[in-house]
Amino acid sequence: MDRFVYADNAATTPVSAEVFEAMKPCFETVWGNPSSLHTKGREAKKVLDDARARIANVFSCRPDEVYFTSCGSESDNWAIKGAAHRMKAKGRTHIVTTKIEHHAVLYTCQALEKEGFTVTYVGVDGDGVVNMDELKAAVDDKTALVAVMYANNEIGTVEPIAEITEIAHAAGALMFTDAVQAVGNVPIDLSQLKVDMLSLSGHKLHAPKGIGMLFIRKGVFIDNLIDGGGQERRKRGGTENIPYIVGLAKALEVAKEQLPDLTRVAAMRDRLIEGLTKIPYSKLNGHRTNRLPGNVNVGFECIEGESMLLLLDMEGICASTGSACSSESLEPSHVLLAIGVPHEKAHGSLRLSISHETTDADIDYILEKVPPVVARLRDMSPLWENVQKSNVNQ
Ligand SMILES: *Cc1c(COP(=O)(O)O)cnc(C)c1O
């Protein structure tokens, strides 16, 4: 192995040194329960309040609009189930979402269907952009919630959230966006973007796994998901995870400071796209420009994505075929099917998700290693012969 290149940052990221340092005192000294009235408790409460205020500052929102959860999936579940259950009393029992959401959103919507809610799954175009006409037609006075992801985790396409928010609000519905992939990769100012709720997850931006956040705008009311103690202004029970909350605050501040550096990341992404799509019978999945700065997703005909991953892993390259969650199943990605990739081609995609830590030398290395792996797998594929024959006959 000449090199080790981690290009799977959309699945998870390592905890950065700054975040680790910021969390350390919370294990060593600030270990109190913020609900305790004594010195140890007050010390922890102060650290908690400070982290919340700093996060509010990052997003230009109010500290009391920040709710800590255990992960992105919990935030997604809470936003959707909480809004649906609350809005039901107003006769609103319909949810509008898209076909390309993360499973934390899709399966939550399916669970609500079993309870009697109706859900419209709006389609997307060939680049993965939400079909706005379809969305407009779906939203009406029975709609409780519109849930559309800010950016897709597999193909990186960034959605027109501001425009979708206007449509939701015009119909009196709440607007929620799963911004787990977008936060840290796209500037988000919640004094400008009028969404009612937004979810994020620590481990996608160099904080630890097991910390998430839900922004709930002041004046927006949703039912609780986790009942319990009076934490998070009585809306989310559970003793606060102070070290991880402090880690999340640090990670969000660092990510905001590093936003200008994303031009460099996007340039590396473009070099990867250009190089990989030079391989014959390959195609970029997702929008060419309106995509996350670190996301590359290329489909190769006559290739099994899993085999490609194993061979790349042997070369020291960590990549993915789609979302880490679906790569354990043999079902083709619902996102690729939604953008119109045919079933038989949906297995041959490669997702590379790079970050600030990626270097130009890493990109060179990937561009050197992928083409021979693709060629080798195609040589072993009975389908490849047919593709080449049919090409000769044309
Ligand atoms: C990773 C991810 C989630 C889930 O976050 P966890 O913290 O792993 O539960 C939700 N939505 C999107 C878009 C994601 O990429």
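By the distance rule for paired cysteine sulfurs, this structure has zero disulfides. Keep in mind that you're looking at a predicted model. Below, we'll start with the ligand and the residues around it, move on to a helix that helps surround it, and then visit a handful of individual residues.

**Around the ligand**

- The ligand has 13 residues around it, and the ones that come nearest are Ser73, Asp178, Gln181, Ser201 and Lys204.
- Ser73 uses its side chain here: one of its polar atoms sits 2.7 Å from an oxygen atom of the ligand.
- Asp178 also reaches in with its side chain, placing a polar atom 2.7 Å from a nitrogen atom of the ligand.
- With Gly72 it's the backbone that takes part, as a polar backbone atom lies 2.8 Å from a ligand oxygen.
- How much of the ligand does the protein bury? On its own the ligand would expose 380 Å², and the protein buries 90% of that.

- Which element gives the largest share of the shell around the ligand? That's helix H3, covering residues 72–87, which supplies three residues.
- Is H3 largely enclosed or largely open? Since 12 of its 16 residues are buried, H3 is largely enclosed by the rest of the structure.
- The buried residues of H3 include Gly72, Glu74, Asp76, Trp78, Ile80 and Met87.

**Cysteines, and the loop between S10 and H10**

- Cys71 has 26% relative accessibility, so it counts as partly exposed.
- Cys302 is in the loop between S10 and H10, and its relative accessible area of 18% makes it buried, because the cut-off for that is under 20%.
- The phi angle of Cys302 is near 60 degrees, a positive value in a residue that isn't glycine.
- Why point that out? Most residues other than glycine have a negative phi.
- Cys302 and Leu377 are 75 residues apart along the chain, with 8.2 Å between their C-alpha atoms.
- Glu304 belongs to this loop too, which runs between strand S10 (295–300) and helix H10 (305–314).
- Is Glu304 buried or partly exposed? It's partly exposed, at 42% relative accessibility.
- Glu304 and Leu145 are 159 residues apart along the chain, and their C-alpha atoms are separated by 38 Å.

**Arg234, another positive phi**

- Arg234 is part of helix H7, residues 231–234.
- Its phi is near 65 degrees, which again is a positive value in a residue other than glycine.
- Arg234 has a relative accessible area of 65%, so it's exposed.

- Leu350 is in strand S12, which takes in residues 349–353, and at 1% relative accessibility it counts as buried.
- How many residues separate Leu350 from Val298 in sequence? They're 52 residues apart, yet their C-alpha atoms are 5.4 Å apart in space.
- Leu272 is found in helix H9, residues 262–276, and it's buried as well, with 0% relative accessibility.
- Leu272 and Leu367 are 95 residues apart along the chain, while 6.9 Å separates their C-alpha atoms.

Notes
Residues are numbered from 1 along each chain as its sequence is written. This is a predicted model: local features need pLDDT of at least 70, side-chain atom pairs count only at pLDDT 80 or more; totals for chains, interfaces and linings use all residues. Side-chain values use heavy atoms; hydrogens and water are left out. A residue is near a molecule or strand if one of its heavy atoms lies within 4 Å of it. A polar contact is a pair of N or O atoms within 3.5 Å; within protein, one must be able to donate a hydrogen and the other to accept it, and residues adjacent in sequence count only if both atoms are side-chain atoms. Accessible areas come from the Shrake-Rupley method with a 1.4 Å probe; for residues, only the protein chains shown count as cover. Helices (H or I, at least four residues) and strands (E, at least two) are DSSP runs, numbered from the N terminus. Buried means under 20% relative accessible area, exposed over 50%, partly exposed in between (1.4 Å probe, protein chains only). A disulfide is a pair of cysteine sulfur atoms within 2.5 Å.
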